[in-house]
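Have the sequence and the model at hand.

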Amino acid sequence: MSQLLDKAKNYVSEKISDVAKPEASVSNVDFKRVSGNNVEFLAMVSVRNPYSTPIPICEIKYSFKSADREIASGTIPDPGSLKAKDTTMVDVPVKVPYSILMSLAKDIGADWDIDYQLDLGLIIDIPVMGNITIPLSQKGEVKLPTLSTMFA
């Protein structure tokens, strides 16, 4: 009986592995705004849904790193859903406290930008298959605004 169950599991897993899955990529990470106690960056994630039905995004987990250390992390619960047979842009706001930016002054002062690594996990709910996580990682640099551009 256990051999029959194993064969059934293998058959189902082979069929599911051939099914198209949503694909995602980080299209941009940029400075958004300065608030009372932090600087906010915005990561724009492009997610393609190959299915003819909308798919809910359960949550997004993120980790924002600079100078080999985590400077921000968080979870965004229930950020919406993916459009059917279309590409959806998902905004991921990342808030970095001033105190952490000050500790990165050496990196910032050299070229007025922040070298970063952004790690994301989009957790989506696919009918029949259940929750799956789409892992993403992006490295780059974000130019910080000057005082003249902030007040212009």
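Partly exposed means a relative accessible area between the buried limit, under 20%, and the exposed limit, over 50%. The model is predicted.

## Lysine 65 and aspartate 119

Lysine 65 has 30% relative accessibility and so counts as partly exposed. The side chain of lysine 65 meets that of aspartate 119 in a salt bridge, 3.4 Å from N to O. Lysine 65 sits in strand E3 (residues 55-66) and aspartate 119 in strand E6 (residues 113-126), so the pair ties together parts 54 residues apart in sequence.

## Salt bridges in the structure

The structure has five salt bridges. One of them pairs arginine 48 with glutamate 23, with the closest N and O atoms 3.8 Å apart. Arginine 48 belongs to strand E2 (residues 38-49) and glutamate 23 to strand E1 (residues 23-34); the pair therefore ties together parts that are 25 residues apart in sequence.

Both ends have accessible area. Arginine 48 is partly exposed, at 35% relative accessible area. Glutamate 23 is partly exposed too, at 48%.

Glutamate 40 forms a salt bridge with arginine 33. The closest N and O atoms are 3.3 Å apart. Is glutamate 40 buried or exposed? Its relative accessibility is 4%, under the 20% limit, so glutamate 40 counts as buried. Arginine 33 is partly exposed, with a relative accessible area of 41%.

Technical notes:
Residues numbered from 1 in each chain as written. Predicted model: local features only at pLDDT ≥ 70, side-chain atom pairs only at ≥ 80, totals over all residues. Heavy atoms only, no water. Salt bridge = Lys/Arg side-chain N within 4 Å of Asp/Glu carboxyl O. Helix = DSSP H or I, 4+ residues; strand = E, 2+ residues; numbered from the N terminus. Buried < 20%, exposed > 50% of the residue type's maximum accessible area, 1.4 Å probe, protein only.
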